[in-house]
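Dear colleague,

Here is the structure for your files. My notes follow below it.

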Amino acid sequence: MIYPQRFAGQVALVTGAASGIGASVARRLAAEGACLMLVDRNQQQLESLAKELDAPESVLIRTLDVADEQQMQEAVTETVSRLGGLHILCNNAGIASNRNPATDQDLENWQQVLQVNLLGVVNGTKYASREMVRAGKGVIINTASIAGLRSGAGGNAYSASKAAVINFTQTSACDLGQYGIRVNAVCPGLVETGMTQVFFDKARDKGIEDKLGARCELLRAGRPEEVASVILFLASDDASYMTGQALAVDGGNTASLNMPGMKV
Ligand code: NAI
């Protein structure tokens, strides 16, 4: 497939780039002409993605933990010094929490999840936005989740972390709009990726894969590329008057209460 070169001459940093939605974003940004800094804690998968993209001069990789402020700062510095700027930040890395009921919350799990899902986004935004303020423009896209909008799509800590990402998307959009920087979020529904593979594998084993998407109005789960294409829309000039928004990419899941037995 031949894509338009919407991001030729632009530099993007993608976190959680080694797998799932982040890898799809990386592939599509590369196909549309962007230079990339791809970061993840999984070095092996990062290396195989870089090999697949086969563009050593325009694709850099760095193994790091997004929750580590210094590592994120260094990644931004390296991006600017080796690729010549930073125009797009995709704060995408995330982990699931356990699904313990409210009576049985595990504070260690809450801390891990908030460190990665929320503070990882804060770290990326802090250092990337400084470069963008200097340049007088930039775009940040955060991968939140429908779990941040409604209950039932993840554990308590995961849902709270994603609700916080949606709120930080709004507050940072308000801070940064005056510098020409747009900040938006996507809220994916169920998508088959490394994070959700176990659910898909189990459902396939039982022959009930169709059930996984049954609550969506489109009656199926999503694909990583379908989230990536919305992230690229938000990164592009086609979204030039959008900031502070959280777009659900969920097959209609959050559009409806979808009450069992109420459909004719
Ligand atoms: P994935 O597991 O395939 O990809 C996540 C990537 O983030 C992995 O490569 C992982 O190594 C990396 N990562 C995790 N913690 C990290 C850390 N501390 N530092 C650096 N890298 C780290 O999963 P997926 O689904 O592609 O996840 C991407 C984003 O999409 C996450 O923020 C997730 O919460 C969100 N999401 C996913 C949904 C789904 O159904 N798959 C639904 C809604 C949101």
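**Ser161 and the chain around it**

Ser161 sits in helix α5, which covers residues 156-176; helices (H or I, at least four residues) and strands (E, at least two) are DSSP runs, numbered from the N terminus. The model is predicted, so local features need pLDDT of at least 70 and side-chain atom pairs count only at pLDDT 80 or more, while totals for chains, interfaces and linings use all residues. Residues are numbered from 1 along each chain as its sequence is written, and side-chain values use heavy atoms, with hydrogens and water left out.

Ser161 has a relative accessible area of 0% and is therefore buried (under 20% relative accessible area, with exposed over 50% and partly exposed in between; 1.4 Å probe, protein chains only). Beyond its neighbours within four places in sequence, Ser161 is in contact (heavy atoms within 4.5 Å) with Val113, Leu114 and Asn117. With Asn117, the Ser161 side chain also makes a side-chain polar contact of 3.2 Å (a pair of N or O atoms within 3.5 Å; within protein, one must be able to donate a hydrogen and the other to accept it, and residues adjacent in sequence count only if both atoms are side-chain atoms).

As for the whole chain, there are seven helices and seven strands, in the order β-α-β-α-β-α-β-α-β-α-β-α-α-β. Buried residues are 46% of the 264. Of the contacts between residues at least 6 apart in sequence, 70% join residues at least 24 apart. The C-alpha trace spans about 55 × 40 × 35 Å along its principal axes.

Regards
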